[in-house]
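Subject: Structure for your files

Dear colleague,

Here is the structure I said I would pass on. My notes follow below it.

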Amino acid sequence: MERKEFLSLVGVSVGAVILQSCLSGCSNSSDPTPSNNNNNGNTGGTGGTTTGLTGNNTISKGTINFTLDLTSSSFADLKTDGKAIVTGDVIVARTKAGNYIAVAKACTHQGTTVDFQADNNRFNCSNHGSNFDLTGKVINGPAASPLTQFSTSFDSAKNTLKVS
């Protein structure tokens with residue numbers, strides 16, 4: 001094998017490995033609408049009750065309607081300003097000012113889960129650097145679409161947080 005042919009094959013091989021790595025690490029999902037997936041063991045679903053979720057909870061494509069019992073250890077972080085949890089396909093956060101907010105967790109660029117950065121009052125996608133404000137609006141791309149924002153309602157008497 002000639003040197004030129006060898007170097008060409010090595011270059012193609014390295015390119016294929018890098019491409020495969022990116023493809024396996026990046027989701028092509030551009031739909032940030034939550035589904036029945038849930039990362040903390042709560043299954044949601046209409047009429048389902050699980051630890052920390054109360055009442056008639058729906059976490060399905062196109063629909064969000066659930067209540068978090070903030071006395072549950074699963075949601076203890078939400079008692080502290082600046083903390084957040086992921087439940088299903090939603091990030092629920094408590095801002096430094098003590099307000100509750102909820103947005104779809106999937107970056108609208110390539111579906112990577114965004115992180116809540118309380119000190120910067122934003123959500124950040126660590127995959128490609130997109131940033132979103134507390135309402136989900138794009139601060140900088142490559143994401144071009146905002147995160148879906150959901151309504152939150154805190155009931156201090158019951159110590160529950162409704163997300164819809």
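From the N terminus on, the elements of the protein chain run α-β-β-β-β-β-β-β-β-β-β-β-β-β, that is, 1 helix and 13 strands. Helices (H or I, at least four residues) and strands (E, at least two) are DSSP runs, numbered from the N terminus. The model is predicted, so local features need pLDDT of at least 70 and side-chain atom pairs count only at pLDDT 80 or more, while totals for chains, interfaces and linings use all residues. Residues are numbered from 1 along each chain as its sequence is written, and side-chain values use heavy atoms, with hydrogens and water left out.

Overall figures

The protein chain has 164 residues, of which 36% count as buried. Buried means under 20% relative accessible area, exposed over 50%, and partly exposed in between (1.4 Å probe, protein chains only). Among contacts (heavy atoms within 4.5 Å) in the protein chain with a separation of 6 or more, 38% are between residues 24 or more positions apart.

An open sheet is formed by 4 strands in the order 4-5-6-11, with antiparallel pairing. Two strands count as paired if DSSP finds at least two bridges between them. The edges are strand 4 (84-87) and strand 11 (149-150); each has a single partner strand, so one side of each is left without a neighbour in the sheet. Strand 11 pairs with strand 6 over 2 bridges, in the antiparallel sense. Gln149 in strand 11 is the bridge partner of Val103.

Cores

A nonpolar core is a set of buried Ala, Val, Leu, Ile, Met, Phe, Trp, Tyr and Cys residues joined through side-chain atoms within 4.5 Å. The largest one has 15 residues, and Leu68, Leu78, Val92 and Val163 touch the most other members. At least two residues of this core come from each of strand 3 (63-69), strand 5 (90-94), strand 6 (100-104) and strand 13 (160-163). A second, separate core has 14 residues, including Cys107, Val114, Leu134 and Ala143. Leaving aside neighbours within four places in sequence, the contacts of Val163 are Ile64, Asn65, Phe66, Val92, Ala102, Phe150, Ser151 and Thr152.

Ser130

Ser130 sits in the loop between strand 8 (122-124) and strand 9 (131-132). Ser130 counts as buried because its relative accessibility is 0%. Its side chain reaches the backbone nitrogen of Ala143 at 2.9 Å. This is a polar contact, meaning a pair of N or O atoms within 3.5 Å; within protein, one must be able to donate a hydrogen and the other to accept it, and residues adjacent in sequence count only if both atoms are side-chain atoms. Leaving aside neighbours within four places in sequence, Ser130 is in contact with Cys107, Phe123, Asn124, Cys125, Asn140, Gly141, Pro142 and Ala143.

Salt bridges

There are 3 salt bridges in the structure, each a side-chain nitrogen of Lys or Arg within 4 Å of a carboxyl oxygen of Asp or Glu.

- Arg94 and Asp81 meet at 2.7 Å, N to O. Arg94 is in strand 5 and Asp81 in the loop between strand 3 and strand 4, 13 residues apart. Arg94 counts as buried at 19% relative accessibility, whereas Asp81 is partly exposed at 35%.
- Asp89 and Lys105 meet at 3.7 Å, N to O. Asp89 lies in the loop between strand 4 and strand 5 and Lys105 in the loop between strand 6 and strand 7 (115-117), so the pair ties together parts 16 residues apart in sequence. Both Asp89 and Lys105 are buried.
- Asp119 and Lys96 have their closest N and O atoms 3.1 Å apart. Asp119 lies in the loop between strand 7 and strand 8 and Lys96 in the loop between strand 5 and strand 6, so this pair joins parts 23 residues apart in sequence. Asp119 is exposed, at 65% relative accessible area, and Lys96 is partly exposed at 47%.

Regards
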